[in-house]
Amino acid sequence: MNDLMYIDLIKSLVKQHDISPDLRARLGYAIDDRFRAIWWSVDDFEHRAWTIEADNPETAPLFDRSKFTEALECMCHDAGEDPDYGITWDTVDQYLEHFCRLEGVS
């Protein structure tokens with residue numbers, strides 16, 4: 001198969017009624033040349049958490065790693081609501097603090 005055949009296959013999948021709206025949108029964006037993605041990942045949250053904890057070894061661990069995916073999803077959703085500021089490492093740090101900070105750790 002060549003790229004055009006894959007794109008046609010994805011287009012036919014996007015038209016299906018039995019896929020979630022989220023998957024339909026993600027597939028649509030993936031094949032639309034007008035869009036470009038800027039990716040943030042759970043690995044970015046892990047990197048920042050490790051960096052912050054390395055600077056504060058006496059209180060490590062500081063973050064609940066099981067909450068990184070939820071924090072990432074919220075961060076990306078919120079960025080879509082107000083795209084004036086974008087996402088930076090400071091943004092990741094804010095979401096780590098707000099969503100992932102372990103209880104009782106200062």
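Modeller: A pocket, on a 1 Å grid over the protein atoms alone, is an open set of points with protein on both sides within 12 Å along at least five of seven lines. The model is predicted, and about 1000 Å³ of space lies in its largest pocket.

Colleague: Which residues are closest to the centre of the largest pocket?

Modeller: Tyr29, Ala37, Ile38, Trp39 and Cys76, out of 21 lining residues. Two or more lining residues come from each of α2 (21–31) and α4 (68–81), and α2 gives the most, with six.

Colleague: What makes up the lining of the largest pocket, by class?

Modeller: The lining has 14 nonpolar, two polar and five charged residues.

Colleague: Why is leucine 72 called buried?

Modeller: Its relative accessible area is 12%, and buried means under 20%. Leucine 72 is therefore buried. The residue lies in helix α4. Its C-alpha atom is separated by 24 Å from that of proline 57, which is 15 residues apart from leucine 72 along the chain.

Colleague: Why is methionine 5 called partly exposed?

Modeller: Partly exposed covers the values between the 20% limit for buried and the 50% limit for exposed. Methionine 5 has a relative accessible area of 43%, so the residue is partly exposed. Methionine 5 is found in helix α1 (residues 3–15).

Methods. Residues are numbered from 1 along each chain as its sequence is written. This is a predicted model: local features need pLDDT of at least 70, side-chain atom pairs count only at pLDDT 80 or more; totals for chains, interfaces and linings use all residues. Side-chain values use heavy atoms; hydrogens and water are left out. Helices (H or I, at least four residues) and strands (E, at least two) are DSSP runs, numbered from the N terminus. Buried means under 20% relative accessible area, exposed over 50%, partly exposed in between (1.4 Å probe, protein chains only). On a 1 Å grid over the protein atoms alone, a cavity is a set of points where a 1.4 Å probe fits but cannot get out, and a pocket is an open set with protein on both sides within 12 Å along at least five of seven lines; lining residues have an atom within 4 Å of a point. Grid points are joined across faces, edges and corners, and a volume is the space filled by probe spheres set on the points. Ala, Val, Leu, Ile, Met, Phe, Trp, Tyr, Cys and Pro count as nonpolar, Asp, Glu, Lys and Arg as charged, and the others, Gly among them, as polar.
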